[in-house]
Amino acid sequence: MTEQSRAPRLRGGPRAALVFAAAGLLAAGAAVTMATSASAGTTLGASAAEKGRYFGTAVAANKLSDSTYAGILQREFNMCTPENEMKIDATEPNQNQFSFGNADAIVSRCTANGARMRGHTLAWHSQQPGWMQNMSGTALRNAMINHINGVMAHYKGKIYAWDVVNEAFQDGGSGARRDSNLQRTGNDWIEVAFRTARAADPAAKLCYNDYNTDGQNAKSNAVYAMVQDFKSRGVPIDCVGFQGHFNSNSPVTSDIQANLQRFANLGVDVQFTETDIEGSGTAQADNYQRVVQACMNVSRCTGITVWGIRDSDSWRSGGTPLLFDSSGNKKPAYTAVLNTLNGGSPTTPPTNNPPTTNPPTNPPTNPPTNPPTNPPTNPPGQGGCSASVSLQTWTGGFVATVRVTAGSSSVNGWSVGMTLPSGARIVNVWNASQSATSGSVQFSNVSYNGQIAAGQSTEFGFQADGNASTMTPTCSAR
Ligand code: G3I
């Protein structure tokens, strides 16, 4: 279902029940009018939904028993992100022993409220359990893959979007990846995480999430380049999360809308995922207005999540950065957000949503954009092609990345033959179609990557259950 096709959501609870009961006494047309007008513009979630978006909050499991907190949660928000309960230390405290109690409590409450879930987060340098902090190399890589598979299997079908990888880039002007034990397993750890996630729950949107990337700067440029690269190579990524933590050291800048838009232009959804803005009164309200307006002005900005409900719930409560005061009263910032949602433009239907396969929306990396000015020395395909395979393996599974390279002339189509290891079974393929899931398999180009210029390459890949062993690909060209 696209964001736009989803009908505006009425909140649950006694008031909604009353609306429905009253509406039931009326003719169908009148009932719709009444239900719509009863919710229009009065809560954050309903107002966002009317524009095809969501409005969410971080949720802490230990606050669900607080009636003020629970009441605002139910009334105002139609998306929930567990603040800490889906992080690695919470969900896998001992290796391969998963623990979902607190996260399940949030999923259960939010789902009962009629809200959807963002999952946060599967691969992160921080909040790793002790056993993972002490790991490195292949063991850590395999543990990361196992963690993603374990958590996503538990929540399969229940999560709208996962923050698959969180905060992988350095602050400052370097544009480099952040050093971490995960980064030291190899630069491809992020794409392995995304490919694993796609196979684990093909219906979930897969997001990269970071902070200090809200405006255009060296860090957001680096994330942009990564997303561009992923889209061009068919690495599955559907969305980019901009955390939106603002204060006087990290102010709301005038280029946040342009920044959202340039990412959206790469073919991903964009979202504010952890918004909080320190301050008070009109100044704070103005800043919230600017952030929400930026999202409303970008058709692929699918929603906004604030990082907590009341100021007292915030991870930086001293900055009073949220929409409700510590007693649960609406602040001026709340009113500014609600008015901006009500005045905003709707989303347009996303072009690649929901993601069940991994076709890049951008052209392949090496398509010939124009016919060659000189005829090739060989007709297309006569120069042949070659293929090489690289493997990421773990106990019981592997990801194979296959590079197809055209020979001395361009190719108009290719087919790669591989014999899978005994017992191996393909569970997901990207950038190719396949003839079988086990044994002798032929992989053929898809519509967008059949043409390869002489000497150039394209890549496809697959994930399989079973243990890897050496595979020798053969390539034939048209
Ligand atoms: O639950 C324990 C409690 O039992 C103990 O007494 C207390 C003592 O310090 O700690 C409590 O745990 C704290 C936990 O929040 C729950 O309140 C941790 O120490 C504390 O480190 C943890 O902070 C969280 C922080 O991530 C950790 O990195 C914040 O709640 C959470 O809001 C924050 O969220 C992050 C996002 O995941 C990623 N982006 C930045 C954002 C803000 O830092």
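**Reading helix packing and a ligand site**

Q: How does α10 pass α11, left-handed or right-handed?
A: This is a predicted model. In it, α10 crosses α11 in a right-handed way.

Q: What describes two packed helices?
A: Use the angle between their axes and the distance between the axes. Take helix α10 (residues 218-233) and helix α11 (residues 256-264): their axes cross at roughly 15° and come within 10 Å. Angles under 35 degrees count as roughly parallel, so α10 is roughly parallel to α11.

Q: Which residues make the contact of α10 with α11?
A: From α10 come S220, N221, V223, Y224 and V227. From α11 come N259, R262 and F263. By class, that contact has 4 nonpolar, 3 polar and 1 charged residues.

Q: At what angle do α12 and α13 pack?
A: Helix α12 (residues 281-296) meets helix α13 (residues 332-343) at about 25°, and their axes are 8 Å apart. They are therefore roughly parallel to each other. Their crossing is right-handed. On the α12 side, the contact includes G281, Y288 and M296. On the α13 side, P332, V337 and L341 are among the residues involved. The classes are 9 nonpolar, 5 polar and no charged.

Q: How many residues surround the ligand?
A: There are 13. The closest are E83, K87, H120, E167 and E274.

Q: Which ligand atom lies 2.6 Å from a polar side-chain atom of E274?
A: A nitrogen atom. Another side chain to check is that of Q243: one of its N or O atoms is 3.0 Å from a ligand nitrogen. For N84, a side-chain N or O atom sits 2.9 Å from a ligand oxygen.

Note on methods. Residues numbered from 1 in each chain as written. Predicted model: local features only at pLDDT ≥ 70, side-chain atom pairs only at ≥ 80, totals over all residues. Heavy atoms only, no water. Axes fitted to C-alpha atoms, helices over the stretch in contact; angles between N-to-C directions. Helix = DSSP H or I, 4+ residues; strand = E, 2+ residues; numbered from the N terminus. Parallel < 35°, antiparallel > 145°, perpendicular 65-115°, else oblique. Left-handed = near helix turned anticlockwise from the far one by under 90°. Contact = heavy atoms within 4.5 Å. Nonpolar A, V, L, I, M, F, W, Y, C, P; charged D, E, K, R; others polar. Near = heavy atom within 4 Å. Polar contact = N/O pair within 3.5 Å; in protein donor to acceptor, adjacent residues only side chain to side chain.
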